[in-house]
Amino acid sequence: MMKQVYTLLLLVLPILISAQSNYKEAYYITNNNDTVYGLINFASDKTNNRECKYKPEKDAKVQVFHPGDILGYRFVNEGLFYKTKEFTLHDVHQNLFLQYMVDGIVSLYYFSDSDNLSYFLFEDEKGENILITKKRDKLTDDGYVPDIEYRNILKNSFMSNVSDTSLIDDLKFSQQSMIDFTKKYHEEVCTTGELCITYEEKNTDRSYAKFKISAYTGLSFNKYKLKVLDKNIEQTSPVLGAILEVSEPRLSQSFSVLLDLSVTRIEGNVKKSNYSDNINYKSTIGSFRMGVRYRYPKFKLQPTAELGFIYSKMFEGKIKGLSAHYGVIEYPDYEIRTGFVGIYGGIGVDYNINKDSFLFLRFTAESYGKRDSNELNEEDMLNMPQLKLGYTF
């Protein structure tokens with residue numbers, strides 16, 4: 001059954017995967033300083049640095065602006081403000097939409113490059129650019145050594161006008177720290193009594209990750225195969241579970257990471273035909289899944305597919321094999337294989353009740369390793385296809 005699930009996933013995913021957008025209420029500023037309201041794609045910083053995808057309303061045609069086509073753009077609720085800025089990085093001319101952090105005597109901008117390094121760009125009173133970054137910590141014989149070269153650059157650039165060098169000595173490489181430093185610098189040099197800072201970003205170092213919780217119940221079609229005894233224990237049992245789903249809408253509207261915990265039970269007995277033999281069994285089975293889910297978000301009824309790793313554990317497992325044939329016990333209590341590691345896949349459909357809530361129906365199946373040499377009956381097998389009905393909130 002697992003092969004069929006994988007085959008279906010391979011067929012469905014290429015059809016479902018397409019570029020998804022995340023349009024938010026926003027406005028852009030023309031080169032003539034006119035403000036035009038509408039919707040702008042709230043993508044990753046790297047994407048937002050290079051393009052502005054705008055449409056006046058939900059179903060309108062998309063217009064794409066590049067740095068220089070407009071002065072900048074701003075998201076109304078998220079607060080992020082991007083402004084066209086020209087500068088030089090590694091001897092290469094750049095023209096990007098940079099995140100605007102502070103507007104004042106010294107202006108502050110922020111962006112990240114293709115290597116996931118963060119940069120802050122200061123524009124001083126003379127209009128000259130001061131660019132700083134923080135490289136990844138280096139591993140030495142004495143442990144990890146942080147890169148603090150950015151502090152030396154700021155000292156050389158600004159401290160001639162500032163009396164308190166402690167402003168930089170312990171300066172952290174974060175948006176809020178850089179804003180605080182810029183404001184303190186303004187306090188030192190702005191003595192005219194005028195308003196020296198006209199804009200300050202408030203949503204600093206903010207994560208836009210979404211966390212959702214799901215609870216579900218359903219049916220688990222449990223099958224445990226006792227290899228040595230050549231017996232199959234089968235039972236359909238209720239299953240209960242909960243899911244933590246983590247997504248980053250700025251990167252993708254469709255993909256998310258899942259952590260899934262579930263529990264089911266298998267209990268009963270099997271009689272051997274033509275004999276009075278009995279196999280009595282009882283176990284609680286807990287499963288932990290970690291995977292990736294794809295949801296096609298365009299309609300209220302949204303197809304889903306998921307794939308990942310699974311670990312299942314049989315707790316308090318007891319299997320007794322008894323025979324009254326000729327009054328002889330043919331085999332003692334059976335030591336079951338308790339741990340199973342494998343992969344799982346699933347397909348389903350979510351019904352979008354409102355912006356963040358869903359009702360869902362899903363089918364999952366798994367494939368475990370054929371043996372575990374650390375356990376006595378290493379070739380015993382577990383199979384638990386599940387049909388789940390749940391609610392995401």
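A: What follows begins with the model as a whole and then turns to the core.

This is a predicted model, in which local features need a pLDDT of at least 70, side-chain atom pairs count only at pLDDT 80 or more, and totals for chains, interfaces and linings use all residues. Residues are numbered from 1 along each chain as its sequence is written, and side-chain values use heavy atoms, with hydrogens and water left out.

The average pLDDT (the predictor's confidence in each residue, from 0 to 100) is 84, and 82% of the residues score at least 70. Residues 11-19 fall below 50, with ten contacts in the model beyond near neighbours in sequence; a contact means heavy atoms within 4.5 Å. Residues 326-331 are also below 50, with eleven such contacts. Where pLDDT is low, the predicted coordinates should not be read in detail.

The protein has five helices and 22 strands, taken as DSSP runs (helices H or I, at least four residues; strands E, at least two) and numbered from the N terminus. Of its 393 residues, 44% count as buried, that is, under 20% relative accessible area, with over 50% exposed and partly exposed in between (1.4 Å probe, protein chains only).

A nonpolar core is a set of buried Ala, Val, Leu, Ile, Met, Phe, Trp, Tyr and Cys residues joined through side-chain atoms within 4.5 Å. The largest one here holds 20 residues, and Phe122, Leu154 and Met178 touch the most other members. Two or more residues come from each of the strands β7 (92-104), β8 (107-112), β9 (118-123) and β10 (129-133), and likewise from the helices α3 (149-158), α4 (166-169) and α5 (175-189). Helix α5 gives the largest share, four residues. A second, separate core has 18 residues, including Leu226, Ile266, Phe340 and Phe360.

Tyr150, Arg151, Leu154 and Phe158 are its buried residues. Seen down the axis of α3, they fall within an arc of 100° and therefore line one face of the helix; the arc is that of the directions from the helix axis to the C-beta atoms. The partners they pack against are β9, β10, α4 and α5.

Phenylalanine 122 can be followed in more detail. Leaving out residues up to four places away in sequence, Phe122 touches Val106, Ser107, Leu108, Glu128, Asn129, Ile130, Ile132, Leu154, Phe158, Met178, Phe181 and Thr182.

The whole structure has 23 aromatic pairs. Rings of Phe, Tyr and Trp (its six-membered ring) pair if their centres lie within 6.5 Å, and planes under 30 degrees apart count as stacked, over 60 as edge-to-face and the rest as tilted. Phenylalanine 122 lies in strand β9 and phenylalanine 181 in helix α5, so the pair ties together parts that are 59 residues apart in sequence. Both phenylalanine 122 and phenylalanine 181 are buried.

Helix α5 also contains serine 177. Serine 177 is buried, at a relative accessible area of 16%. Apart from neighbours within four places in sequence, serine 177 is in contact with Leu171 and Lys172.
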